[in-house]
Amino acid sequence: MKANYLRLSVTDRCNLTCLYCRPSKSVTQLKQDELLSFEEISNIVGLAAEWGIRKVRITGGEPLVRNNIIDLVKMVSRIKGIRDLPMTTNGVRLEEFARPLKKAGLSRVNVSLDSLDRKKFARITGQDNLDQVLRGIRAAREASLEPIKINVVILKGINEDEILDFVNFAWGKSLIVRFIEYMPINGPEQNSWYFSNASVKEIIERRWGTLKPLPFFSHYSPARYFKIDHTKVVLGFISPISQPFCHACTRLRLTATGKLRPCLGSNLEIDLRKPLQGKNRDYEIKASFDLAMNEKLKRRPEPLYQRNKYMFQIGG
Ligand code: SAM
């Protein structure tokens, strides 16, 4: 197996402060000159494509708060070999950006949304922005940034009562709702929010009957997909804690500062910024991808906690 998918973080900034991802106490922001420039990103992605990367997901932080993000999408979409260019966003600015993103060459979007209740949304994210996100999803549908996946992290005691509401939300809108297990990446003591996907599935099946597996849908994805019988509703389950998917994972990560990471659960970060300036640039960058890949293949079975690091800093 060789990685063919790069998750590209373009900023650590975000317009939300989700309590499990970017709690306000954790926020220190990178300076502009610490971020990879668009030219640096394009050079790295170009070499990554020569190495074998075919899919690049733009993420962050919140990618839509990076200045001139449309220009970056244009640059990456023109790189030979990149066949799929999706983005993961919180959707707050999607209403404004959906059309220009599509025009610039973005393939599709995943929107992270953990509550359909205005007050609870504000409690989780720190902002009263639910309406903007819903308008953003509508705009993404109108701009054909599809299929649109709605990523929901179920947190015990916070939004577990909204599981069936999310199923209803997807109904008839050709949205694919995916339930993602919360990962206590900071350490095991943060485990109290964990709510297993087995429990999510049970709640749905109690209401809608046994879900029908869609194995062909899941081939290259960590998500397992199911259909509600006799309907077109497709649901996904991503279960990094209860059903780790290292064997099927084909992704590498590039942080906003230019560190290549083999995996979310690895502490190894390979700096690409320095070799990018060097004489043996192409060789060294590709060798770094080889190194990350070798590390990835070691596949540690135990979780490795990222002390004092949150997802917005690594790139979600
Ligand atoms: N701002 C963008 C967004 O909200 O989609 C992209 C970055 S965000 C870090 C990407 C995803 O990571 C979000 O869906 C968020 O819910 C998820 N995430 C963050 N921390 C997580 C954790 N500890 N466990 C599971 N998912 C997490």
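A crossing of two helices is called left-handed if the near helix is turned anticlockwise from the far one by less than a right angle, and right-handed if clockwise. Helices (H or I, at least four residues) and strands (E, at least two) are DSSP runs, numbered from the N terminus. The model on screen is predicted, so that local features need pLDDT of at least 70 and side-chain atom pairs count only at pLDDT 80 or more, while totals for chains, interfaces and linings use all residues. Residues are numbered from 1 along each chain as its sequence is written, and side-chain values use heavy atoms, with hydrogens and water left out.

**First stop: helix 1 and helix 2**

Select residues 38-51, which form helix 1, together with residues 69-77, which form helix 2; their axes come within 10 Å and cross at roughly 25°, where axes are lines fitted to C-alpha atoms, for helices over the stretch in contact, and angles run from 0 to 180 degrees between N-to-C directions. That angle makes helix 1 roughly parallel to helix 2, since angles under 35 degrees count as roughly parallel, over 145 as roughly antiparallel, 65 to 115 as roughly perpendicular and the rest as oblique. Helix 1 passes helix 2 in a right-handed crossing. To display the contact (heavy atoms within 4.5 Å), pick Phe38, Glu39, Ile41, Ser42 and Val45 on helix 1, which meet Ile69, Asp71, Leu72, Met75 and Val76 on helix 2. Sorted by class, this contact of helix 1 with helix 2 has 7 nonpolar, 1 polar and 2 charged residues; Ala, Val, Leu, Ile, Met, Phe, Trp, Tyr, Cys and Pro count as nonpolar, Asp, Glu, Lys and Arg as charged, and the others, Gly among them, as polar.

**Second stop: the ligand**

Now select the ligand, which 16 residues surround, the closest being Tyr20, Gly61, Glu62, Ser112 and Met183; a residue counts here if one of its heavy atoms lies within 4 Å. Backbone N or O atoms lie 2.9 Å from a ligand nitrogen atom in the case of Gly61 and 2.8 Å from a ligand nitrogen atom in the case of Met183. From Ser112, a polar side-chain atom lies 2.5 Å from an oxygen atom of the ligand.

Select residues 94-104 (helix 3) and 130-142 (helix 5), whose axes come within 8 Å and cross at roughly 15°, which makes helix 3 roughly parallel to helix 5. The crossing of helix 3 and helix 5 is right-handed, and the contact is made by Leu94, Glu95 and Ala98 of helix 3 with Arg135, Gly136, Ile137, Ala139 and Ala140 of helix 5. These residues divide into 5 nonpolar, 1 polar and 2 charged.

Continue to Pro147, in the loop between helix 5 and strand 5 (148-154), where a cis peptide bond with omega of about 0° joins Glu146 and Pro147.

**Last stop: helix 6 and helix 7**

Finally, select residues 163-170 (helix 6) and 197-208 (helix 7), which pack at an angle of about 65° with their axes 9 Å apart. Helix 6 passes helix 7 in a right-handed crossing.

Note on methods
A polar contact is a pair of N or O atoms within 3.5 Å; within protein, one must be able to donate a hydrogen and the other to accept it, and residues adjacent in sequence count only if both atoms are side-chain atoms.
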